[in-house]
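User: Can you walk me through this protein? Keep it simple, please.
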Amino acid sequence: MTIGWNSGTTVDTALNGDGPVLTSQAWRRLAHKTSALGLMGTLAVSVGSLVGLSSPAQAAAPKQFSYTCAGGPFTFGATPLSVTLTGPESVTAGGSFDLSVGIPALTQTTPATQATYVQATVALTPTGGSVTDPGAKQGAAVAANTPAIPAGEVKYKVSVGATTTGKVSIKPGEIRLGLLSSPSSVATCTPSSTTEVLDIPIGTGGGAGTDVVSYNCKLPSGTDALYPATVDIKVAMTTPTNAKANEDASITWTGTIETTNDPLTAPTGFPVSSKLFATIKATGAGAPATATGEVTLTGAVAGQDIMTLPSVTIKIKPTTAGTVQLTAGDLALGTSSTAPAIKCEAPTTGLKTFSFQVAAGTGTTPTPTPTPTPTPTPTPTPTPKPTKTSTATVTVTPPDKSKTPKAGADTGGGGMAGPDGRLFVLTGTVLIAAAAAGGLVLRRRTAGRG
């Protein structure tokens, strides 16, 4: 029997009691989600029956601080006391947040004869904010006649300045520990470092330190029954606290795959030596529109779900002082960002914004002005002296090469008999004329001097 489905797919249902046979991508996803949701529902009921229905806010990675303690109703060994500070992943300027101070397990020198509580007073110095409820706080419960005290915590409310940018820094100071039933006996704990702090970044565009992004993942080449898929990834960005113009600023991108939508499955033929390419979008302070970082992807096996993603360091170089705002960009998995095995596209709207401040750079080195090359003085070109030219005319008379024709009359030699006598007569005439002219010239010059 075939049952029609409104998306155009069909479900073939066997009549032999084996149940429905899922033949479409939509039903395969539905089965996957239904199984996962069933397990999650069972876990939620179990946990809810124990701890109630409250859901804690996302917290930043805790940071431990070392303390040396003495006095009071407790016994301290040679090992320093390790106190843990935990805050949210990011905070909003003008808002407030709870700071948790974790007190480790303690041992009483003399067990209290009645049930009571640990009392702790923690000195905190925030930069970019203030503690609104300082003083003693109630910690872990203490059983009567029992020396061991379990670990516990106390919380303080911190208000963030409306004009605070970049981060809020919390520096823990002296801690005073005692019992609520005997407040006069107090241990004093001194921090080993006076410079260590817990930094909590300022977030904008929603104020959260993380953003659950619904990525549209697809296979650029090949096919798989689970693709295209909508994969929810919780994105967090750790932004720099000392960024300067014209210098690289490092942003740490961290992604956590959620179970609220489709899985991120390595398709058939997924490369063993693959990388994760993470892109972020940026605006402000002259930052580039996009920047991409890459990291080796380990543990991804073809045909299996990818459960964890490594953190990626992405560098951006702003060019001016100001605020840089960041949003999640696309992801690529494979051996190349331009031809990946899986391409996950981030939505273009509805994304939360992460930001950081950029300070002015230390200044640029001025470019030296080159010294102009002097123009050489031109060397005067000497005027050439005129050349006296004498012209002589020589007249060359070609020899008479005429021959007496064969069988001609015998004239006594003719042209073959040597020079013609007319030539001698002509030459003599010319010489006589020249001598006469020369004589006249000499006569005139002599008469002029006389």
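Analyst: Start with a term: a nonpolar core is a set of buried Ala, Val, Leu, Ile, Met, Phe, Trp, Tyr and Cys residues joined through side-chain atoms within 4.5 Å. Buried means under 20% relative accessible area, exposed means over 50%, and partly exposed is in between (1.4 Å probe, protein chains only). This is a predicted model: local features need pLDDT of at least 70, side-chain atom pairs count only at pLDDT 80 or more, and totals for chains, interfaces and linings use all residues. Residues are numbered from 1 along each chain as its sequence is written, and side-chain values use heavy atoms, leaving out hydrogens and water.

User: How many residues are in the largest nonpolar core?
Analyst: It has 47 residues. Y215, W253, L264 and L326 have the most contacts inside it. A second, separate core has 35 residues, including Y67, A112, V158 and C189.

User: Why would such side chains sit together?
Analyst: In soluble globular proteins, nonpolar side chains tend to be buried together.

User: C189 is in that second core. What does C189 form a disulfide with?
Analyst: Its partner is C69, and the two sulfur atoms are 2.1 Å apart. A disulfide here is a pair of cysteine sulfur atoms within 2.5 Å. The pair links distant parts of the chain: C69 is in strand 4 (residues 63–71) and C189 in strand 14, 120 residues apart. Strands (E, at least two residues) are DSSP runs, numbered from the N terminus.

User: Are C69 and C189 buried or exposed?
Analyst: C69 counts as buried because its relative accessibility is 13%. C189 is buried too, at 1%.

User: Why is the disulfide of C69 and C189 called right-handed?
Analyst: The torsion about its S-S bond is about 115 degrees, so the disulfide is right-handed.

User: How many disulfides does the count come to?
Analyst: Two. C217 and C344 form a disulfide as well, with sulfur atoms 2.1 Å apart. That link is right-handed, with 110 degrees about the S-S bond. C217 lies in strand 17 (residues 210–218) and C344 in strand 25 (residues 342–345), 127 residues apart. Both cysteines are buried.

User: What pattern do the disulfides follow?
Analyst: The pattern is 1-2, 3-4, counting bonded cysteines along the chain.

User: New topic. Where is E196?
Analyst: E196 sits in the loop between strand 14 (182–191) and strand 15 (198–201). E196 is partly exposed because its relative accessible area is 34%.

User: What does E196 touch?
Analyst: K63, F65, K171 and P172, not counting residues up to four places away in sequence. Contact means heavy atoms within 4.5 Å.

Conventions: Helices (H or I, at least four residues) and strands (E, at least two) are DSSP runs, numbered from the N terminus.
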